[in-house]
Amino acid sequence: MTHEVVLELLNVEAAYGPVRALRGVSLQVRQGRIATVLGSNGAGKTTILRTISGIVDPRKGSVIYKGQDITARDPAWIVRQGLVHVPEGREVFPLLSVRENLLMGAYTRSDRDAVARDMEQVYAYFPILKERAGQDAGLLSGGQQQMLAISRALMARPVLMLLDEPSLGLSPLLTREIFEIIVRINRERGTTILLVEQNANMALNAADDGYVLENGRIVMEDTCAALREKEDIKEFYLGMKDAGVRGERRWKKRKTWR
Amino acid sequence: MRFIFKTSYDQDIRLAKHGGHQFWYGLLLVLLLAAPWWLPEYWLAQLTFVLIYGIAGLGLMLLTGYTGLFSIGHAAFFGVGAYAEAILVAAGLPFPLAMACAAVLAGAVGIIVGLPALRVKGIYLAIATLAFGFIVEEVFARWESVTGGNAGMMVDTPALFGREIDSSGGFYFICLVTAVLCTLGVLNLLRAPTGRAFVAIRDSEISAQALGINLAWYKTLAFVLSAALTGLAGALYGHKIMFLSPEQFDIIQSIDLLLLVVIGGLGSVHGAFLGAAFLIAMPQLISLGKDWLPAVVGQAPGLQVFVYGVVLIAFVLFEPMGIYGRWLKMRTWLQMFPFYEKGMFRRQKSFQKSERLR
Amino acid sequence: MSSKRDGKGGAGEVLLSVRNLGVVFGGLRAVDDVSFDVRRGEVFTLIGPNGAGKTTVFNLISRIYQPGSGEIRYQAEGGEVLLTAQPPHKVAALGIARTFQNIELFEHASVLRNLLIGHHTHRESHFWGELLFTPATRRAERRAREAVERIIDFLELQKYRDLMVSGLPYGVRKVVELGRALCARPDLLLLDEPSSGLNVEETDDMAFWIHDIVRELGITVLMVEHDMRLVSRVSDRVLALNQGQVLVSGTPTQVQASAAVVEAYLGSAEDVVSLRRPA
């Protein structure tokens, strides 16, 4: 069963001043599936999401969403098209309450009743948010803030959700919980998700399609099922090394050719 | 392209990092020393003002550009220095001693502002300094017995070694020597732990503190040094203008000083003098341009202030690194030619965090 | 993965002693009656979920916060010191340096500058000497530079030395922050989530740096960490916190096996397969 392409990046190049973050990235995200981009910090993962949501303007290339060119458009307009970005590091509004944060998520919407229903749905996913609805978001723990950030994005009724490192700074237990919810959102609501992650283990199991990003270029792309079995991925991203032979050798002494 | 081959740490510690530096700055110094002979009188006077405002700008640059503490009331220190110098010289104190005392007095006033500044950050500090500027201006106006109030006071010509310096050339040299000494002093501090502590406070107070930098001490020191430098400039200013009145040290003067450092290039010593040159040159350019503008615009009062505002906005929007920043970009282009990439310095959209969260 | 350091280090004297530490923020007990000792020469790790109070403990040790109750005693060179009575800027001079979870580098300065600022507590020049840049100041500057260069060599940062910190890759910035803390020549190094944001290779490197820091430089390490593989690899002893209170303390193997820790923090081992889309 082929799914249509909801989002496509064509040869996107982006830079911050003299630093080239993306050097020609092309990828596709299909309707109803979860796609993930793996890579270490500095590989350019966050830049990809920011380029899609309009926070960063690419130097070259284009971003096509639902068949329309949205390259370098106004971020607020992009949200209204159903493309919502959950930024790295949560970025909740610390001086607003949890409930107000959620309402801000629905800022671009005018259908009040549906917004209220969505808020109930969000509280069902994350009961702790309902408990703390009146509390300032800045007082929440990291994990709770991540839940709030995801919920806030949900309040915009996204067709496509961009998630930037949801596991950042979270404990193993919480990371698992968050990923369960992410998968649930996709299965129950059909929301397409583009997920950028460092925790390759979680990402490769939760997602359907994967891209590996190194130094601003896509170096591998396949279904996650296939990626999980690839030797290079197993060694460099899943940390499954043969103990003993390579275990104690330092990377610097091994990779002098890089 | 210049390749600098380093063989000792001294090359990094030195002020002139390579032959090119030594040559160009040496040439500059020679030109400046020879100025009374090759510059017409009018332009020599303007150059003297550039040096005076350069020293004042150096003071503000140290505080704002290097320590990150914004002050929109710096004209107060300018005025304290000017009035102190005028009063001390009139009381018979020898000129160099009076200058030193004026600087020290301005520095002492700097402590008064510096102390509350320790508790207050960002825009709130700027507001506090703004208020301080107004207060000091009022003091100049009301304390008639000392400052002559709104009627103003005359400033005697300075006398060195018994001889009066009444020629513009002579006074120019005094300003040049002062400017060079002040610049060297500031550059010395900046390449030493004190200067690095200032920069640390600007960039990240929390880690500066974690590394053993006493915030209160260094912030106060920054205020004192900044006030002293600006006060010293004020003392020279008084002698040049020869007549002081409180409205010369009002909010407009403070904004001029801030304009100077921002347009010159925040965070660089060059910026202080480039900004001063800009500040002195602008009115000249406006007067020259007035003739070509339709009368209703050219003769409008406040034209100068309007143009300043437009230029400041233009710099903030298009060249936030100031004149010095623009020069650095040009120099990079020249050095990297033909490998310069368009858009090397292009800025991305930026998103501001609220002051309340910092 | 079994720990390589289970209880090996940590036979030395007590360097840092935390007793009944407590602090309240906005009605919430962020740290509640926490006590532990850090021994000279060991790697002691604090683990626990977000909001457990780990970074708050760090901030109490580096005196950013004032505790509401309890005390911290530290064995400085000159004798035992009541750390909780010291102002924040004295901490570095006592021999305690730290890194920050979210990297607090001096963005508008080069790597070298950042490291030189790290050396600040050991400066030998004074204001007037610096203003005139006397020969004594010049010699002091040279010595500072030499000391910093030793750290640059240790962490292999040579090629980044003169580059602006703001343009560097994240992994390098993390190492620069580590270097900056080392330039303060601490006896006790506080590492706040050293592996956060790093990939597998970089985390391995970090493990090696931590080993070197303890073995070659003789520095004691107290760290907060989420990556359990790193924790197992480098730690001698581990303390698990949850909601501001101590859950369990012991060797890495003991703590990871503790039921309380599994329930509150670790979750059942890697049952991620259930996340996959059914075929």
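In which handedness of crossing does helix 12 of chain B pass helix 15 of chain B? The crossing is left-handed. This is a predicted model.

**Helix pair in chain B**

- Two packed helices are described by the angle between their axes and the distance between the axes.
- Helix 12 of chain B spans residues 251-265, and helix 15 of chain B spans residues 303-318.
- Their axes come within 10 Å and cross at roughly 35°.
- Helix 12 of chain B contributes L259(B), V262(B) and I263(B) to the contact.
- Helix 15 of chain B answers with Y308(B), L312(B) and F315(B).
- By class, this contact has 6 nonpolar residues, no polar and no charged.

**Chain C against chain B**

- On this contact, 32 residues of chain C meet 24 residues of chain B.
- Four elements of chain C give two or more residues each to its side: helix 2 (91-94), helix 3 (111-118), helix 4 (127-132) and helix 5 (135-155).
- Helix 5 of chain C provides the largest share, 5 residues.
- The side of chain C that touches chain B holds 14 nonpolar, 8 polar and 10 charged residues.

**Chain C against chain A**

- Here chain C gives 30 residues and chain A gives 30 residues.
- On the side of chain C, at least two residues each come from helix 6 (170-183), helix 7 (200-215), helix 8 (228-234) and helix 10 (259-266).
- The largest share of that side, 6 residues, belongs to helix 7 of chain C.
- The side of chain C that touches chain A divides into 12 nonpolar, 10 polar and 8 charged residues.

**Nonpolar cores**

- In soluble globular proteins, nonpolar side chains tend to be buried together.
- The largest nonpolar core has 176 residues.
- The members that touch the most other members are I55(B), A102(B), A106(B), L232(B), A233(B) and V221(C).
- Domain 1 (1-95 + 186-269) and domain 2 (111-179) of chain C both give residues to this core, so the core lies between these domains.
- Leaving aside residues up to four places away in sequence, L232(B) touches I55(B), G81(B), M99(B), A102(B), A103(B), T178(B) and C182(B).
- Two of these partners, I55(B) and A102(B), are also listed with L232(B) among the core members that touch the most others.
- A second core is separate and has 71 residues, including V29(A), L49(A), V98(A) and L170(A).

Terms used
Residues are numbered from 1 along each chain as its sequence is written. Chains are lettered from A and ligands numbered from 1 in the order in which they are written. This is a predicted model: local features need pLDDT of at least 70, side-chain atom pairs count only at pLDDT 80 or more; totals for chains, interfaces and linings use all residues. Two residues are in contact if their C-beta atoms, placed from the backbone, lie within 7 Å. Ala, Val, Leu, Ile, Met, Phe, Trp, Tyr, Cys and Pro count as nonpolar, Asp, Glu, Lys and Arg as charged, and the others, Gly among them, as polar. A nonpolar core is a set of buried Ala, Val, Leu, Ile, Met, Phe, Trp, Tyr and Cys residues joined through C-beta atoms within 7 Å. A residue is buried if 20 or more other C-beta atoms lie within 10 Å of its own, exposed if 12 or fewer, and partly exposed in between; C-beta atoms are placed from the backbone. Domain bounds come from an automatic or database domain assignment. Axes are lines fitted to C-alpha atoms, for helices over the stretch in contact, and angles run from 0 to 180 degrees between N-to-C directions. A crossing is left-handed if the near helix is turned anticlockwise from the far one by less than a right angle, and right-handed if clockwise.
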